[in-house]
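Colleague: I am new to reading models of this kind. Could we go through this one by question and answer?

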Amino acid sequence: QVRLVESGGGLVQSGGSLRLSCAASGTIFDINVMGWYRQGPGKARELVAFITRGGIINYGDSTKGRFTISRDNAENTVSLQMNSLKPEDTAVYYCCAGEYSGTNYDFKFWGQGTQITVSS
């Protein structure tokens, strides 16, 4: 079992920046990909970004160019630097971890989520 603990959420003004972090513990050899999803009010959960242990990165369409994901394999942490935040980025952000096969990914483990609110 893998436990994920997020930190860094909060309230920020439009155009501002925030950084989220997520620490993994437990049977971490079960995972080779970590990432972030988000779910805004009245919206479906969507991919923000993920990064594999080998450094493959993928971003959701709405966050490309503004968000940067990074990973520290030694510390089993993943971070998300969010710049130029917009009100539509308001959501609960979930850290996730799982397996990446090269063509598909399966996020088996999820954090509890952290709220990001961007005011206009």
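Colleague: Is Tyr37 buried or exposed?

Modeller: This is a predicted model, where local features need pLDDT of at least 70, side-chain atom pairs count only at pLDDT 80 or more, and totals for chains, interfaces and linings use all residues. Residues are numbered from 1 along each chain as its sequence is written, and side-chain values use heavy atoms, with hydrogens and water left out. Buried means under 20% relative accessible area, exposed over 50%, and partly exposed in between, with a 1.4 Å probe and protein chains only. Tyr37 has a relative accessibility of 14%, so it counts as buried.

Colleague: What kind of aromatic pair do Tyr37 and Trp110 form?

Modeller: A pair of aromatic rings is described by the distance of the centres and the angle of the planes. Rings of Phe, Tyr and Trp (its six-membered ring) pair if their centres lie within 6.5 Å; planes under 30 degrees apart count as stacked, over 60 as edge-to-face and the rest as tilted. The structure holds seven such pairs. For Tyr37 and Trp110 the centres are 5.4 Å apart and the planes stand at 65°, so the pair is edge-to-face.

Colleague: How many residues apart are Tyr37 and Trp110?

Modeller: Strands (E, at least two residues) and helices (H or I, at least four) are DSSP runs, numbered from the N terminus. Tyr37 belongs to strand 4 (residues 33-39) and Trp110 to strand 10 (residues 105-110). The pair therefore links distant parts of the chain, and the separation is 73 residues.

Colleague: Which accessibility class does Trp110 fall into?

Modeller: The relative accessibility of Trp110 is 34%. Because of this value, Trp110 counts as partly exposed.

Colleague: What kind of aromatic pair do Phe50 and Tyr105 form?

Modeller: Phe50 is buried at 3% relative accessibility, whereas Tyr105 is partly exposed at 33%. Phe50 lies in strand 5 (residues 46-52) and Tyr105 in strand 10, 55 residues apart. Their ring centres are 4.7 Å from each other, and with 50° between the planes the pair is tilted.

Colleague: Which residues form one aromatic cluster?

Modeller: The residues of the two pairs above belong to one cluster, together with Tyr100 and Phe107.

Colleague: How far from the ring centre of Trp110 is the charged end of Arg45?

Modeller: A charge sits over a ring if NZ of Lys or CZ of Arg is within 6 Å of the ring centre and within 35 degrees of the ring normal. Arg45 lies over the face of Tyr94, at 4.1 Å from the ring centre. Its charged end also sits over the ring of Trp110, and there the distance is 4.8 Å.

Colleague: With which residue does Glu46 form a salt bridge?

Modeller: A salt bridge is a side-chain nitrogen of Lys or Arg within 4 Å of a carboxyl oxygen of Asp or Glu. There are five in the structure. Glu46 is partly exposed at 30% relative accessibility. Its closest N to O distance in the bridge is 2.6 Å, and the partner is Arg38.

Colleague: Which residues are linked with Arg38 in a network of salt bridges?

Modeller: Arg38 is buried at 4% relative accessibility. Arg38 and Asp89 also meet in a salt bridge of 2.8 Å, N to O. Asp89 lies in the loop between strand 8 (77-82) and strand 9 (91-100), 51 residues from Arg38. The network links Arg38 with Glu46, Arg66 and Asp89.

Colleague: What is the radius of gyration of the chain?

Modeller: The chain has zero helices and eleven strands. The radius is taken over C-alpha atoms, and the globule rule is 2.2 Å times the number of residues to the power 0.38. That rule gives 14 Å for 120 residues, and the value for the chain is close to it, so the chain is as compact as a globular protein of that length: 13 Å.
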